[in-house]
Amino acid sequence: MNTWTLLAFALWALFMRYLPQIFKFVELQRFSRTLPGPTVGELIANVKKGQILNWLKELRLQHGPVFRIWFGKDLMVFFTTPDDIKQLLGNNTLLSKSRNYQLVEPWLGKGLLTNSGESWHRRRKLLTPAFHFRILSEFKEPMEENCRILVSRLRDHADGKPFDIYPYITLFALDAICETAMGIKKNAQMQSDSDYVRAVQTICRILHHQSFSFWQRFNFLFNLSAAGQKRNAALRVLHGETNRVIQIRRKQLQQAKAEQETAQQQEDNDVGSKRRLAFLDMLLLAQLEGNGSELSDVDIREEVDTFMFEGHDTTSSAIAFAISLLSKHADVQQRVYEEAVELEGREKESMPYLEAVIKETLRLYPSVPFFSREVLEDLQVGQVTVPKGASVSCLIYMLHRDPDSFPDPERFDPDRFYLNENQLHPFAFAGFSAGPRNCIGQKFAMLELKCSLSMLLRHYQFLPVADHQPLPLAELVMKSGNGIQVRMQPRP
Ligand code: HEM
């Protein structure tokens with residue numbers, strides 16, 4: 001066989017190898033022509049501008065409630081109406097995350113957020129009891145202890161001068177998740193800065209750019225780039241910290257187990273029920289006792305990475321945006337304050353007005369502004385049949401701005417939830433997602449938000465900063481690009 005014949009044969013083999021993908025791509029191309037959406041040029045221009053959420057808002061106005069975007073060779077169809085979101089989130093076969101989430105895997109691996117299939121199902125079943133309301137009751141005290149530290153760290157700023165409250169809130173939220181779900185004291189609030197928090201911010205920014213970039217989606221090219229090197233440096237900090245947390249807790253647990261086994265048994269018998277375990281203890285004991293023998297050290301680290309990230313970045317965002325909104329709406333702030341005084345100590349129970357304020361905050365500034373699934377079988381959503389191989393995205397940022405559900409959608413009005421929640425479409429609000437892959441930390445988040453906001457309001461009055469408008473950015477979790485500027489004065 002001469003060289004030309006060999007070359008022709010190799011090309012033919014290559015062509016045959018990729019033939020199914022080529023057919024699939026042609027089919028997706030044909031389907032995508034039936035939906036409105038921007039060109040690749042528009043995508044590149046808007047990624048450069050860096051205002052993705054504003055652009056998605058424009059696309060919704062320009063193209064209507066369903067539109068599509070090509071991210072390189074990946075086709076994503078965006079949905080924005082409550083009926084369509086209901087179909088997507090209520091579909092028990094649509095549980096695999098889209099290929100976008102692979103970008104986060106060097107960091108979070110196959111933790112609960114990124115995992116799919118049987119492995120996700122088993123892990124979700126294992127972890128669900130760690131967020132049961134009974135164990136959450138035990139979290140209230142360490143959460144409040146950290147709220148008190150936050151209140152005292154903020155005291156120097158209670159002078160009516162503008163400052164950015166966001167860094168204080170993230171350190172508080174990091175301490176809260178470490179001390180509750182992980183069972184270790186981190187004391188991040190005692191420092192002015194945290195390498196871990198900084199690395200989270202860096203990696204979120206880089207991953208956001210990578211997910212919207214054409215060439216950065218090729219791992220080989222990305223790893224060679226400056227952004228790739230920066231991501232790897234951030235990963236070393238992040239994994240170093242989670243490994244440290246696991247090691248500390250594992251040691252504590254082994255010691256405690258040896259010392260207290262008998263005493264605990266006695267205590268359990270007295271109460272007549274088994275003590276519930278916090279998140280990390282549950283993983284470590286499952287591994288130690290072999291009843292979760294499939295859990296390797298890497299598996300545990302992936303879950304700790306996932307929960308440390310999801311458990312602090314989302315709540316920081318929600319607390320900070322809530323404070324920003326309250327600073328601009330003195331009447332709402334006064335009502336929350338009165339309720340916080342009246343119901344002090346009862347944060348585990350219902351605080352109806354504060355809960356409405358939290359939902360209204362998450363409506364305008366959803367911590368997770370969109371999330372997506374991979375379509376593994378052709379999927380009917382409303383009038384659209386999305387073919388296998390495409391992805392679908394729930395664009396929560398625009399679902400929450402649907403004027404049919406929320407008239408005058410940009411207006412902050414907690415009464416939408418306080419007075420009229422029963423009249424809302426059940427899927428008009430989906431800040432915590434819904435269905436089998438909803439937010440496992442929803443109750444934890446609500447408790448942390450209620451404890452922190454009510455305690456802050458009992459101590460301080462928040463005042464607006466003229467001309468400061470938060471700039472929402474969709475960096476995995478929504479952040480404000482120009483910080484959360486407020487002014488504060490002590491309550492009498
Ligand atoms: C205001 C706070 C929070 C909001 C708005 C929020 C929102 C969400 C949303 C929308 C999802 C679905 C994401 C997707 O499908 O890609 C999600 C999933 C998840 N959240 Fe949260 N979250 C919050 C707090 C928390 C906390 C405090 C934790 C942990 C303690 C947590 C852990 C998770 C995990 C592990 C998942 C993946 C669940 C699965 O796929 O089975 N979240 N969250």
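Which side chain is joined to that of arginine 249 by a polar contact, and at what distance?

Tutor: The model is a predicted one, in which local features need pLDDT of at least 70 and side-chain atom pairs count only at pLDDT 80 or more, while totals for chains, interfaces and linings use all residues. Residues are numbered from 1 along each chain as its sequence is written, and side-chain values use heavy atoms, with hydrogens and water left out.

The partner is glutamine 252, whose side chain is joined to that of arginine 249 by a polar contact of 2.7 Å. A polar contact is a pair of N or O atoms within 3.5 Å; within protein, one must be able to donate a hydrogen and the other to accept it, and residues adjacent in sequence count only if both atoms are side-chain atoms. Arginine 249 belongs to helix 11, which covers residues 226-271. Helices (H or I, at least four residues) and strands (E, at least two) are DSSP runs, numbered from the N terminus. Arginine 249 counts as buried because its relative accessibility is 16%. Buried means under 20% relative accessible area, exposed over 50%, and partly exposed in between, with a 1.4 Å probe and protein chains only.

Leaving out residues up to four places away in sequence, arginine 249 touches Met182, Gly183, Ile184, Leu280, Asp281 and Leu284. Leu280, Asp281 and Leu284 are among the buried residues of helix 12, and the others in that group include Phe279, Met282 and Ala286. Helix 12 spans residues 279-288, and eight of its ten residues are buried, so this helix is largely enclosed by the rest of the structure. Glycine 290, which follows helix 12, has a positive phi near 80°.

Most residues other than glycine have a negative phi. Serine 433 is not a glycine, yet its phi is positive, at about 60°. Leucine 476 is not a glycine either, and its phi is positive at about 65°. Serine 433 is in the loop between helix 17 (415-418) and helix 18, whereas leucine 476 is in the loop between strand 9 (472-475) and strand 10 (477-480). Serine 433 is counted as buried because its relative accessibility is 15%, but leucine 476 is partly exposed, with a relative accessible area of 28%.

Each of these two residues leads to a further contact group. Apart from residues up to four places away in sequence, serine 433 touches Leu89, Phe371, Arg373 and Asn438. Leucine 89 is 344 residues from serine 433 along the chain, but their C-alpha atoms are separated by 7.5 Å. By contrast, the C-alpha atoms of leucine 89 and aspartate 331, 242 residues apart along the chain, are separated by 36 Å. Aspartate 331 lies in helix 14 (residues 330-342) and is exposed because its relative accessible area is 55%.

Leucine 476, for its part, is one of the residues that serine 367 touches, together with Thr314, Ser317, Ala318, Leu362, Val477 and Met478, again without residues up to four places away in sequence. Serine 367 sits in the loop between helix 15 (352-364) and strand 4, and is buried, with a relative accessible area of 6%. The side chain of serine 367 reaches the backbone oxygen of threonine 314 at 3.1 Å. Serine 367 and serine 317 are 50 residues apart along the chain, and 6.1 Å separates their C-alpha atoms.

A polar side-chain atom of arginine 373 lies 3.2 Å from a ligand oxygen atom. For arginine 437, the distance from an N or O atom of the side chain to an oxygen atom of the ligand is 3.0 Å. The elements that give two or more residues to the shell around the ligand are helix 6 (117-127), helix 13 (297-328), strand 4 (371-374) and helix 18 (442-459). Helix 13 provides the largest share of this shell, five residues. Tryptophan 120 has a side-chain N or O atom 2.8 Å from an oxygen atom of the ligand. Of the 27 residues around the ligand, those that come nearest are Tyr101, Trp120, Arg124, Arg437 and Cys439, where a residue is near if one of its heavy atoms lies within 4 Å.

Methods:
Contact means heavy atoms within 4.5 Å.
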